[in-house]
Amino acid sequence: MNGGATSQTPKVYGWCPGALRPMMSGDGLVVRVRAPLGKFSVAQARGVARLSQDFGNGLLDISARANLQMRGIREDAHEELIEGLRGLGLIDPDPEAEARRNVLLTPFWSAGDDTHSIAMELSTALTASADLALPGKFGFAADCDSAPVLQDTAADIRIERNGEALLLRADGADTGMPVTRESAVPEALALARWFLEQGGAPEGRGRMHRLIARRGPPPAHTAPMTKAGFRAKPGAVPAGTLAALEFGQMPAATLAQLADHGDIRLTPWRALLVEGAAGLPPLPGLILDATDPRLQVVACTGAPGCLQALSTTRDLARDLAPHVPAGTKLHISGCTKGCACPGTAPLTLTATAKDEFSLIRHGTAADLPLKTRLSADALRAAPELLKEGS
Ligand code: SF4
């Protein structure tokens with residue numbers, strides 16, 4: 001069956017899967033691995049690839065928070081998988097510590113720089129802060145390279161480069177508090193406690209930007225931020241080579257082969273950075289050309305991999321990619337939840353039934369459509385339907 005679910009109201013779980021707390025999906029368990037400092041050593045990458053092939057369906061996703069998701073894990077193999085991951089140094093002491101250690105860092109860090117030091121100290125502090133009952137999706141970003149690159153990536157508390165200085169900023173605020181490398185982590189933890197004290201997480205759920213919209217930033221957060229636009233592109237970067245993944249997914253064999261070229265950093269842009277690599281061979285799932293039209297489409301897992309999906313998504317995304325107008329983006333979603341693109345997109349196709357979609361312009365997957373009941377076949381036959389009425 002490729003139509004998947006029949007209900008049009010997606011289920012909201014309010015928590016993210018981890019390794020110790022996996023989530024059931026249409027193709028088995030999803031086990032999310034939070035690599036320490038967003039990086040796999042060569043041995044870890046090869047080990048994860050092998051475990052994916054032994055206990056799962058051999059498919060790996062990168063999440064929007066730079067975590068690696070192992071798909072299709074058999075329920076009866078979960079325990080053995082965890083032992084394998086523990087042996088690779090990829091398992092936290094308990095599910096709560098795993099959830100708290102939600103630290104994203106710019107993949108362009110160098111050993112010993114502000115990003116690296118702050119992310120290490122913050123990860124250790126969060127693991128130890130058993131009393132800090134933050135919501136499951138609450139996360140931190142260490143973004144202290146020469147200019148911030150994570151401002152468009154979800155994070156509740158940000159430590160980011162602001163000219164010569166560092167700025168601690170609550171997500172949703174356009175002002176923050178200047179910090180130093182030494183004060184950044186204690187102040188970030190104080191901001192997390194302020195969030196809880198201010199009622200940011202009633203019933204254990206809530207995000208910083210919602211609290212800031214209600215009551216503004218804390219009184220000491222008065223220094224203006226600098227907005228920095230950034231778009232990741234496959235190709236050479238100072239730390240190595242950036243390779244995009246088609247729909248953020250790759251076969252486990254590709255990860256193992258990439259490890260032949262160096263340690264691997266995970267990014268929140270559906271891409272991997274292979275440390276020190278001057279170039280990469282074409283491997284299944286990789287996009288190495290910055291002009292590849294597939295970089296203009298995002299599509300969630302869809303059916304049959306997601307239990308809530310009303311249709312397949314990625315087959316249509318692949319076919320429509322060459323027809324997406326230059327400089328714009330097409331989001332194809334298997335239901336109104338919009339997992340692959342929680343914000344707005346210039347063009348969105350939201351599945352309403354098997355191979356049937358609504359077209360939304362400049363909105364989210366749940367917004368009011370401009371056109372309804374567009375069949376996948378009609379869109380393939382006349383992709384200009386995407387542009388009509390614009
Ligand atoms: S948006 Fe896609 S992946 Fe998310 S719940 Fe809906 S069908 Fe599943």
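Strand E9 (residues 165-170) is mostly covered, with 5 of its 6 residues buried (under 20% relative accessible area, 1.4 Å probe, protein chains only). Strands here are DSSP runs of at least two residues, and helices are H or I runs of at least four, both numbered from the N terminus. The model is predicted: local features need pLDDT of at least 70 and side-chain atom pairs pLDDT 80 or more, while totals for chains, interfaces and linings use all residues. Residues are numbered from 1 along each chain as its sequence is written, and side-chain values use heavy atoms, without hydrogens or water.

E9 runs antiparallel to strand E8 (residues 157-162), joined by 6 bridges. Pairing requires at least two DSSP bridges between two strands. Ile 157 faces Ala 170 of E9. The E8-E9 hairpin has 2 residues between its strands, and Gly 163 in the turn has a positive phi of about 65 degrees. E9 is also antiparallel to strand E10 (residues 175-179), through 3 bridges. Leu 168 has Met 177 in E10 as its bridge partner. In the E9-E10 hairpin, 4 residues separate the strands, and Gly 172 has a positive phi near 100 degrees.

The model holds 1 cavity of 30 Å³ or more. A cavity is a set of points on a 1 Å grid over the protein atoms alone where a 1.4 Å probe fits but cannot get out; lining residues have an atom within 4 Å of a point. Domain 1 (23-91 + 239-287) and domain 2 (97-224) both contribute to the lining, so the largest cavity lies between them. The domain bounds come from an automatic or database assignment.

Methods: On a 1 Å grid over the protein atoms alone, a cavity is a set of points where a 1.4 Å probe fits but cannot get out, and a pocket is an open set with protein on both sides within 12 Å along at least five of seven lines; lining residues have an atom within 4 Å of a point. Grid points are joined across faces, edges and corners, and a volume is the space filled by probe spheres set on the points. Buried means under 20% relative accessible area, exposed over 50%, partly exposed in between (1.4 Å probe, protein chains only).
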